[in-house]
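We'll take a short walk, one stop at a time.

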Amino acid sequence: MKGKRWTALCVGALLGAVITQSSAQSAPVGVSWHLDRINQQALPLDGVVDHGPLTGSGIDIYIVDTGVRATHEQLVNRVFAGLDVRTTDGSSVVDPPGSDCDGHGTHVAGLAAGSTVGVATQARIISVRVLDCNGSGEVPDVVPGLRWVRAHHRSGVAAIANLSFGVDLGDDGATIDEEVRALINEGVVVTVAAGNGDDSGKPYDACKIAPGDVAGALTVGAVSVSDAVAYYSNDGACIDLYAPGGDRSRMIESSWSSPEKNSDSEYGFDVGTSMASPLVAGYAALLAQQQPGLCVASIANAIVARATPGVITGLTATSPNKMLFLELSPIAATAPGRASHISVTTDYRSLVVNWDPPCDGGSAITSSTVSLLLNGKVIRKMTADGTKRSVRFEGLQNGTKYKIQIAATNEIGAGKKSFAVTTMKVRSVVRGQSVKFDDLGFIHGPWTTEWSVDTSSRSICKVKNSTKRLIALKRGTCRVLLRAIADQKPVLHRIRIN
Ligand SMILES: [Ca+2]
Ligand SMILES: [Ca+2]
């Protein structure tokens, strides 16, 4: 394996071993103090863990980690296998793929969404396994996992991804940062563990690790049961807020999965910023359930703004004194976000533009304006009403490339314009022509290059994946299926052959 060593930020390793309960113990012991703490602003703990009716139902939380035990009693029927990078590449095979041979991912998933030990008790968990049975991985393992999340999540509905790991920026961390920024830009709330200190356990600046340094991510430090900053927690200005991560005096209990016990009722104690981060992920899922169209920045800003100020002791000067608090009033609506996955089909003197809905900011989108640009100037605009996501520009010049930009509007106002997409040259496909897929300019998003022809149009066209070409056999409408990397759901494109 090439690449730099990557370590899950799990301080259990520093303590020698994670302490797990005996297999005879089939339920967590006592009240989950981490839940008790985050539904109130100040100590002492009141013994109440309930935070009201929100459960995260209908919201997806991606756990990018060591896998998740899908049958664990805390999570059963709510865990879905995503991508298992380590089983796919054969470097650390588990059966079934996406399951957890370490314990860390199941612990983290339980804190985000366990039925009694977690915050979002009915959220869906999607396991993206990038770390091996020792909780370790490498940058090249993590990248495809993050890309898969980007390709897989539903457009326009906030999804959450928890990353309880990190790597020094110097160890190719910039590659991870880039992927995390792309995830956030496309509507995923990303929660990140701030890190558990250096090799000797000494805390350092979270701005020096990836992805903790990504501004748009929610980077989470850890506190003890007494609201003191945890002895291992990284610090500094890149931290957004703190949440319970525990220490030797009181650890964090959650679902566990060890190969030896192979039990759906195993629980374990662990400490670390790895434990603090999924609590924030769970809170994000509650907010997303309440207002599914919220944009990432609205959720992230609200979580930081609602954190209790001034209660944490022992912080360094540059670290924010903000403690996670599950305030659950609705968030004020904003203008919509940027449209993404813009695809353009060229045809004879025309263009068809399709796009995915952006986040609506918490207020329904009333229209979308599509601008057509030539040489940097807007030469035409078309408006699509309401939920319509497609427009056609006619009467264009063949042989010309245009640019497309889209802005959605709701009752608050117009959202940011999408990034401009350059179209392929406007032209039609004619009988007998063989066209490179790339020249058709269908897709600006994460898709495979695997294409196929819908059965109804096999006499009109065929595709050759080996040469990446479409062959136009005769006049008519050719329907080509394109598959997303992640869920393999085909997307249909119609090409008129003249
Ligand atoms: Ca409480
Ligand atoms: Ca941040």
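Strands (E, at least two residues) and helices (H or I, at least four) are DSSP runs, numbered from the N terminus, and two strands pair if DSSP finds at least two bridges between them. This is a predicted model, where local features need pLDDT of at least 70, side-chain atom pairs count only at pLDDT 80 or more, and totals for chains, interfaces and linings use all residues. Residues are numbered from 1 along each chain as its sequence is written.

Now pick strand 18 (residues 350-356), which pairs with strand 21 over four bridges. Show Leu351 and you'll find its bridge partner in strand 21, Phe393.

**Stop two: the largest pocket.** A pocket is an open set of points on a 1 Å grid over the protein atoms alone, where a 1.4 Å probe fits, with protein on both sides within 12 Å along at least five of seven lines; lining residues have an atom within 4 Å of a point. The largest one holds about 950 Å³, the space filled by probe spheres set on the points, which are joined across faces, edges and corners. Select Ile184, Asn185, Glu186, Gly187 and Arg338, the closest to its centre of the 44 lining residues. Next, colour helix 7 (296-305), which gives the largest share of the lining, six residues.

Technical notes: Chains lettered and ligands numbered in written order. Heavy atoms only, no water.
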